[in-house]
Amino acid sequence: MPHRVLSAVFAVAWLTANAAQADLIVAYESEYSFTPLPAGAAGAGVTGAPLARGPGLTETSGSTFRSEGWTTGGTKADAIAAGDFLTWGFASAVPYDFTDFSIQYGRSFAGPGVMAIDLAVNGGSFTQVFSDPAVSPDGETVSGIDLSAYQDVTSATFRLYGWGSLLSSGWFEVTNGFDVEGTSYAIVVNGNAAEPAAVPEPGSVLLLVLSGLAGAGGLLRRRGAAGN
Ligand SMILES: [Ca+2]
């Protein structure tokens, strides 16, 4: 394979990898356990809501937004009825297409063994987007939870419900584990601004590169078509 074509293949791979990368919408650094814990970072046009507790929970000591009072035994419906949830979200002047979110969390041995996360966007109703039927007391790191079904989002509210505790004194916490530009966050929500940005979109850059490779052959053209 000629060197020029090899370079083009690397260029296409690089652009494709970068096209898949989303922008940060809102992120929370677990710094302390009292409220409010403001959003630690937010995208352009985004106003992050603080990380907060539902009425069924109380804070405990520590630096990891630790909460107790989670539903003992029970079901998700019990946790909803009791207000046993953490909540976060944002409002934005710019609509965003969600891509994914990440969260790192843990619990004490007597804390909630089951959790689920619901999401409501643009004033709609809550839908479950993630669940963990066996929360490890050793901690859990979950990245890339798919949210791509949510497009043109201008407001969002997440609720993390926990139940299945042994004791109401059992706690649940969120812990920093996702690096964004040198800061470690416990919760990170990613997406792309739905409106076109001022810079060329990765897709059009890809097309420019491909159209400049008139002699590169059909292989690259097929790849370009598949990538769009
Ligand atoms: Ca409670």
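In this predicted model, Leu 86 is in contact (C-beta atoms, placed from the backbone, within 7 Å) with Leu 51, Arg 53, Ser 67 and Leu 160, leaving aside its neighbours within four places in sequence. Leu 86 lies in strand S6; strands (E, at least two residues) and helices (H or I, at least four) are DSSP runs, numbered from the N terminus. Leu 86 counts as buried because it has 25 C-beta neighbours inside 10 Å, where burial requires 20 or more other C-beta atoms within 10 Å of the residue's own, 12 or fewer denotes exposed, and values in between denote partly exposed. The C-alpha atoms of Leu 86 and Leu 57, 29 residues apart in sequence, are separated by 8.4 Å.

Residues are numbered from 1 along each chain as its sequence is written. As the model is predicted, local features need pLDDT of at least 70 and side-chain atom pairs count only at pLDDT 80 or more, whereas totals for chains, interfaces and linings use all residues.

Beyond four places in sequence, Ala 27 contacts Ala 39, Gly 40, Ala 41, Val 180, Tyr 185, Ile 187 and Val 188.

Overall, the protein chain comprises four helices and 14 strands, and 34% of its 228 residues count as buried.

How values were computed: Two residues are in contact if their C-beta atoms, placed from the backbone, lie within 7 Å.
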